[in-house]
Amino acid sequence: MRQFQILFKNMMRRMVSRKGILLISLCIPALVVTLVVYFTSTFEMKTNIAIVGGMETLDLNPDFFHVDRLDEAPPTSQLVRNRYSAIIHDQADGDYSIETMKGESFKNIVQTVLTNPEYDPKLHKGRSVGITILGYLTLFLLMQGQFYMNYFSEDKRIGILQRITATPIRIETYLWTQICFGFVMNYVPTLLVLIILKNVFQMKIGFSLIQYSWLLALIVLVATTFALFTTVSFELADNAIIFSSSVILITSLLSGCLYPMTHQDIIETFTAIFPQKQYLMMAEAIEEQTLTRTFILRIMYIGLFVFGLFIAATVRCQRKIKEG
Amino acid sequence: MRSIRGFQVVIRRDVINLVTNPVLLMSNTIFPLVLMIVLGYLTEGMYGNEVTSYQYYGLTMLIFMSLNVSITAANSFMENRIRRSNLRILYAPISRSIVYLSKMIATFIFTTACSYLLVLCIYLMFGLPSKGFTWFYFMLILTGLNLFAATLGVLMCCIFKSEEVSNQLLSIVNYSLAIVSGLFFPWDGLGRVAEWISMISPVKWVAEATFRVIYDHDLAFVLPTLGICIVGTLLLLIGCHRLFNEEDYI
């Protein structure tokens with residue numbers, strides 16, 4: 001315990017001495033979390049339609065559609081970039097043609113809406129606010145976890161780690177301290193910003209603050225232990241960061257952090273091994289308030305993952321120290 | 001003459017260092033490819049048959065990869081391994097700017113080769129409309145962006161004198177710009193506020209240029225984009241020249 005205190009205090013002092021980096025490390029989570037929450041609540045999920053040449057009588061439901069009436073057809077690239085989901089050309093005599101890049105089914109939906117203005121195509125139903133925010137935060141926190149392992153990689157480089165191994169401090173304590181440090185640095189600013197956004201600015205964040213407190217704790221744990229594992233494994237810190245950023249991005253995307261997974265096939269079952277996937281499914285269960293046995297199993301899986309990474313990191317570190 | 005020969009030797013060595021670094025090699029070839037496939041797969045339902053999601057992400061991820069050239073450039077400045085060789089270069093009777101110029105040029109050569117390879121890959125795998133010289137202009141845009149990003153990475157290293165800080169900053173900047181410019185998801189359709197915000201990002205204009213070239217065969221944006229890239233590169237190089245101090249490498 002005493003060893004832990006010594007190491008932890010040392011790390012805190014080092015962090016405070018580098019005020020510039022500390023400031024950046026605190027501002028970035030604040031900025032990112034604010035932007036994520038702000039954008040999730042303000043962005044319109046309406047479908048953009050462009051109408052070219054007339055059709056003044058046409059009235060689409062403004063809750064679902066955002067209509068731009070133009071004199072000239074916009075270039076195709078704007079359809080590709082989803083600036084407009086569809087362009088309707090008025091060809092006089094009540095005839096019109098629909099141009100879209102989104103496939104036949106979408107074209108049919110637009111057709112139906114034009115003929116039957118009461119039809120609700122349910123295009124604007126996205127994911128809930130809470131899950132969207134959580135998805136983005138998961139990705140962000142996993143990436144940030146890497147950067148707080150900086151001191152560890154620095155220790156390795158400068159040779160402080162070698163000196164520590166000569167002391168009676170056990171390597172597990174040292175690694176455990178790194179995890180606690182990374183956890184605190186990652187968790188506290190994010191949670192603080194969420195608290196401020198909810199209470200001071202009254203923004204909608206989806207889940208309650210209590211739920212966020214342990215949801216975030218869980219994912220930050222995963223982030224920190226994964227960061228520790230990659231930092232132990234790679235000789236150069238930069239390579240570790242690039243490698244883990246890539247892995248995190250791809251696994252998070254496949255787990256449905258940015259886009260909901262709509263495919264039900266073998267890839268979906270394969271992604272079940274990613275902790276992010278289990279985590280998001282857990283969050284969905286909380287939202288729908290269905291607490292079943294699988295919920296407990298998911299938490300246990302994530303816990304096991306974290307534990308496994310920690311053990312793996314410790315074993316690798318010890319082996320590397322033995323080899324010098 | 002001796003100076004040019006010295007230059008060539010250093011650049012060759014730097015390129016070899018980059019190619020033999022497995023992580024950098026992977027992040028410039030395999031990683032963008034995997035990203036394209038994953039993102040294309042996830043959003044298959046949102047696109048039709050003329051323009052598939054794979055095509056969309058093929059193009060946008062190439063632009064994203066060109067952005068990340070700055071991180072590759074910052075990493076080619078690696079401290080421990082390169083520090084001693086940087087010192088030797090400084091002592092040698094060639095211009096001291098070669099230290100950072102060679103890193104920039106080596107990164108540019110390496111990443112542009114990777115870019116062209118990837119363009120070939122997406123053309124073969126995903127099939128994009130090909131008419132006349134549109135591909136040539138697209139590769140030109142990528143080349144300009146690579147040049148600018150490589151210089152930016154080197155400048156960041158000169159300013160912050162630490163790869164980790166440059167890495168972190170450049171990562172954040174690149175991801176933010178990519179998201180705001182609609183490289184990861186169609187940002188343009190999210191409303192007026194989103195549109196105004198995306199106007200600030202220069203990457204959005206690069207993406208706009210790309211899509212206009214490929215889908216509208218409209219070359220209006222190409223020359224301004226290239227011009228800004230080249231002018232920006234020159235300005236950044238002047239910055240490097242001013243900010244580079246040998247003393248930081250001892």
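These questions and answers concern a predicted model and look at the contact between chain B and chain A and at Ile179(A).

Me: How many residues of chain B are in contact with chain A?
Reply: Chain B and chain A bury about 4,800 Å² between them. Of that area, 64% is on carbon and sulfur atoms. On the chain A side 46 residues take part, and on the chain B side the number is 53.

Me: Which three residues supply more of the area that chain B buries against chain A than any other three?
Reply: The two chains bury about 4,800 Å² between them. Of the area that chain B buries against chain A, 15% comes from three residues, more than from any other three: Tyr41(B), Leu42(B) and Glu164(B).

Me: Which side chains meet in a salt bridge?
Reply: The count between chain B and chain A is one salt bridge. Its N to O distance is 3.0 Å, and the side chains are those of Arg81(A) and Glu208(B).

Me: How many nonpolar residues has the side of chain B that touches chain A?
Reply: Elements that give two or more residues to this side include helix 3 (30–42) and helix 9 (163–180) of chain B. By class, the side has 11 charged and 12 polar residues, and the nonpolar ones number 30.

Me: Is Ile179(A) buried or exposed?
Reply: Ile179(A) lies in helix 8 (residues 171–199) of chain A. Beyond its neighbours within four places in sequence, Ile179(A) is in contact with residues including Met149(A), Leu228(A) and Phe310(A). Its relative accessible area is 3%, and the cut-off is under 20%, so Ile179(A) counts as buried.

Terms used:
Residues numbered from 1 in each chain as written. Chains lettered and ligands numbered in written order. Predicted model: local features only at pLDDT ≥ 70, side-chain atom pairs only at ≥ 80, totals over all residues. Heavy atoms only, no water. Contact = heavy atoms within 4.5 Å. Buried area = accessible area lost by both parts, 1.4 Å probe. Salt bridge = Lys/Arg side-chain N within 4 Å of Asp/Glu carboxyl O. Helix = DSSP H or I, 4+ residues; strand = E, 2+ residues; numbered from the N terminus. Nonpolar A, V, L, I, M, F, W, Y, C, P; charged D, E, K, R; others polar. Buried < 20%, exposed > 50% of the residue type's maximum accessible area, 1.4 Å probe, protein only.
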